[in-house]
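Thanks for making the time. I will go through a few local features and then stop.

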Amino acid sequence: MRCLRFLRRTLLSMLPSKRPADQDESAAQAQPKRIKPDRNGAPPEIDEDLHSRQLAVYGRETMRRLFASDVLVSGLNGLGAEIGLISHIETEQPTSCYFAAKNLALAGVKSVTLHDVKNVETWDLSSNFFLSEQDIGNNRALACVSKLQDLNNAVLVSALTEELTKDHLSRFQAVVFTDISLDKAYEFDDYCHSHQPPISFIKAEICGLFGTVFCDFGPQFTVLDVDGEDPHTGIIASITNDSPAMVSCIDDERLEFQDGDLVVFSEVQGMSELNDGKPRKVINARPFSFTIEEDTSSYSIYTRGGIVTQVKEPKVLRFKPLRDAMKDPGDFLLSDFSKFERSPLLHLAFQALDRFKEEHGRYPAAGCEQDAQIFLKLASDINEASVDSKLESLDEKLLRHFASGSRAVLNPMAAMFGGIVGQEVVKACSGKFHPLYQFFYFDSVESLPTYPLDPSDLKPSNSRYDAQISVFGSKLQKKLQDANIFIVGSGALGCEFLKNLALMGVSCDSKGKLTITDDDVIEKSNLSRQFLFRDWNIGQAKSTVAAAAASAINPNLSIDALQNRACPVTENVFHDTFWEGLDVVINALDNVTARMYMDMRCLYFQKPLLESGTLGAKCNTQMVIPHLTENYGASRDPPEKQAPMCTVHSFPHNIDHCLTWARSEFEGLLEKTPNEVNSFLSDPGKYAAAMRKAGDAQARELLERVSECLGKERCDTFEDCITWARLKFEDYFSNRVKQLTFTFPEDAATSTGAPFWSAPKRYPRPLQFLATDSSHIHFVMSASILRAESFGIAIPDWAKNKSKLADAVTKVAVPKFEPKKGVNIVTDEKATNLSSASVDDASVINDLLSKLEEHAKNLPPGFQMKPIQFEKDDDTNFHMDLISGFANMRARNYSIPEVDKLKAKFIAGRIIPAIATSTAMATGLVCLELYKVIAGQHPIEDYRNTFANLALPLFSMAEPVPAKVMKHQDLKWTVWDRWSIKGNLTIAELLQWFSDKGLSAYSISCGTCLLYNSMFARHKERLQKKVADVAREVAKVEIPEYRRHIDIVVACEDDEEKDVDIPRVSVYFRN
């Protein structure tokens, strides 16, 4: 996706090394814990409809490990709540722990135990979405249990309210602490580190705009999959008999191998010695070739074929206990390279805070100079005592900010760290992805207002926003509450944004308003990551349900939920007045087209756009700030490479090709053809006229399919449907292959004399139908059931009985097939369709229409077919059964590895991998930027774009790219500028306006129509006409009453007759 552009370019160069110094060769000795079976000894069942997007990231084995894991979250502040929710969906400051709990619940672990001995305070309401004013005075863990349980009934949620001891920890696979003293953390971590098996220990803390995470997964922890990416592969073109041997691959795609990678070979013809499954090391990796450390000079000569596949090895990490790591932290995980020296200072600051709390029994007071001095003295003393890691100087200004806001757990920080910590818990329980090793420090001090903060402005007022006020002051809090925000999209990102904004108090005053729009409804698969929805909301409008849930979090939220798609068609809803009243636009979209449209509108109305996106464990944020940064559409990825049609149709060489073809056949047979049948039957005369008018090969082929459907392939009984399915099997997987190999035999050559069946082409073999092959019978079952559904035929009970179905199939008479000479099979990779034109298309179309009229006479009165639209998220409808059957039978033809139905669903359904952790992190980062946008006056250096991969983990933050500046004489402008001209001007007056700026306007257009051009003499008569009138007359523009201006494009040149690219022009002809 476009929002991950930079991340994709940098991941390979930033991957962890293959074998760091702390890696142990005996990986097998430290495998993550075994999956616990259920009472019957079977592994936990996974609801694939519910968890399909997570399964696309983690896979079944990881999900099963999660489902068998027990997790403790101690310290139910905002961070703790967020972590637990992500773990709940995916399987310590007062507020941050709530976010922890949320993420664990969404992850889908076996159980989450919430521990806290503290009671709810008003202070907690600014970052814990589980709590309300009615919970004040109650235990924080108890107050969260029932609400967390609602998120995922499959996760057992319980509360622990007594003082925690080491004995409590033994039953957990992972423990997370968000509100714990350093001495207590030492005690618990020592116990977890030495426990057999080790218990993964995570300590996380948020102090205002500062945060930290520490991980200790034991003395020897095995990472089963470092990055979660599919193994890289290549299609071999040649292999030399040499030492070392060079392997060249086809140049369809660049190889992703790196020096040191291990690879295995398969399907190599000729040099079959390489097909032994032995991993071989890659050296001298290049875009389309590499060498292997092996002498192949005595091997057989390579002839053709072969696949090379990366071998992903487990990695063993040795973690240090907290007390050792605190003294010798090693390398810190960096996020912002402009703050290279920041982590050691924050390592010191969190120790000083722990010392302050130990000595004073409280946090430093916000804006208190006396407390700041004490804190600085403690930090200085600790630094002086640190012989090996002593800092040369201390940034007192930063430490003052740290101390002043240290008690606050800010919602955006909790969301961000909840995503990080939730993902670390998943790693601890599953061995999937590389753990954080071991300290991570982060700050967003640039989110503070640019103006000095008065200590009196930081004082609490018994408000639910007191924690936020203690960091930013009441002045910015008022601006947040009065803000007018537009959120586009109410899916996973949208739900997180609504929760965050409600807790921050955004649009929670009479002057403020939050508008959210989404034209989609809630589906079952949404529930695993869109946490504002419940199963009883399935089928309801996303925006309406999400808005109601957000209002429950903060009853003061002023929110308007709409079900309109933001697009040109709805500009009467999202009109000029609506846009002009906005302060900020937040995108929560899942496609580039919608993002580009919103970018265009924000450019036009000069509104800040906060953009984000996720792809599995990866996330991205981009800040688009008027007159400071480039816009979202300033740079684009090249379009994704599409497989040529001839490859998909006749020469597939991977499962993606097979699944693309399978979905196309599914839609053609069950949706498009029935639709065409209904169009014909609804109005035969009109349909025939349209086909005759088209008169081409596509129209001919369409009529052939309709004629077959109503003629020889028409079904009246379920037995007819079985016959149809059996004959389709024979046609697709036997006859067509026989014809292809007859036309292009195995020894066929190209016009240049090269072998026709050379890489990447794979020579196919026809399949022989076997009633004893369950995959063959299952194909017939799904095909016949869906065929019956499309014809409105009742499906008998025995249709799903494979033995009875096999008996019925054996009765089908299958005609003998003989390949034909002269059959044209498209091999041109540039061909855009597979239809072959014929000189007699028109006469064939007439003949087919005559046949259709005869077929129609034999149909029951009012007959209509039922087109079947592909629905991937219903495992009972047989859609994916048929598509996976199509794809796997075709894969079997071409000796391509087959896939299960779940993997087929990911590819054919074009499912975007999604998990709650990356979503939470992205929205938290965006909301840290929102503080800056609402406060105003921040320079571009204060803003941050982020590219992150929680799997590695990798965090890369940088200031946005500035908007490109264009110049003419004394004029300067960027893409953000718009020249607005007031008055109902004539064309001549408009030309004079440009002339006064030293520009000669020679052409004016509106939309696709030319209003004026100096080259056309007849255009001179338009000079005295109003611009708006000419647009109505010439361009036929209908200007709605609510619009006060008209937009035009003006082409100008300077005194040297060089074109000048000027900003967009708007003529405001109405007051």
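**Helix packing and some backbone details**

Start with helix α24, residues 718-743, and helix α28, residues 879-893: their axes come within 11 Å and cross at roughly 20°. Keep in mind throughout that this is a predicted model. Angles under 35 degrees count as roughly parallel, and α24 and α28 are therefore roughly parallel to each other. The handedness of the α24 and α28 crossing is right-handed. Which residues meet there? From α24 we have F729, Y732, F733 and V737, and from α28 we have F886, M889, R890 and N893. By class, the residues of this contact between α24 and α28 are 6 nonpolar, 1 polar and 1 charged.

The second pair is helix α21, residues 655-682, with helix α29, residues 901-908. Here the axes are 10 Å apart and the packing angle is about 75°. The range for roughly perpendicular is 65 to 115 degrees, so α21 and α29 are roughly perpendicular to each other. On the α21 side the contact uses I655, D656, L659 and R663, and on the α29 side A904, I907 and A908. That contact of α21 with α29 divides into 5 nonpolar residues, no polar ones and 2 charged ones.

Is S543 buried or exposed? Its relative accessibility is 0%, so S543 counts as buried. A polar atom of the S543 side chain lies 2.7 Å from the backbone oxygen of L562. Setting aside neighbours within four places in sequence, S543 is in contact with S490, I516, T517, D518, A561, L562 and Q563.

One runs from S243 to P244, with omega near 0°, and P244 is in the loop between β8 (233-239) and β9 (245-249). Another cis bond joins L952 and P953, with omega about -15°. P953 is in the loop between β22 (945-949) and β23 (954-958).

Last, positive phi in residues other than glycine. Q606 has phi near 55° and is placed in the loop between α19 (592-605) and β20 (609-615). With a relative accessible area of 28%, Q606 is partly exposed. R910 has phi near 50° and lies in the loop between α29 and α30 (916-935). The relative accessible area of R910 is 57%, so R910 is exposed.

That is the list. I will take questions now.

Conventions:
Residues numbered from 1 in each chain as written. Predicted model: local features only at pLDDT ≥ 70, side-chain atom pairs only at ≥ 80, totals over all residues. Heavy atoms only, no water. Axes fitted to C-alpha atoms, helices over the stretch in contact; angles between N-to-C directions. Helix = DSSP H or I, 4+ residues; strand = E, 2+ residues; numbered from the N terminus. Parallel < 35°, antiparallel > 145°, perpendicular 65-115°, else oblique. Left-handed = near helix turned anticlockwise from the far one by under 90°. Contact = heavy atoms within 4.5 Å. Nonpolar A, V, L, I, M, F, W, Y, C, P; charged D, E, K, R; others polar. Buried < 20%, exposed > 50% of the residue type's maximum accessible area, 1.4 Å probe, protein only. Polar contact = N/O pair within 3.5 Å; in protein donor to acceptor, adjacent residues only side chain to side chain.
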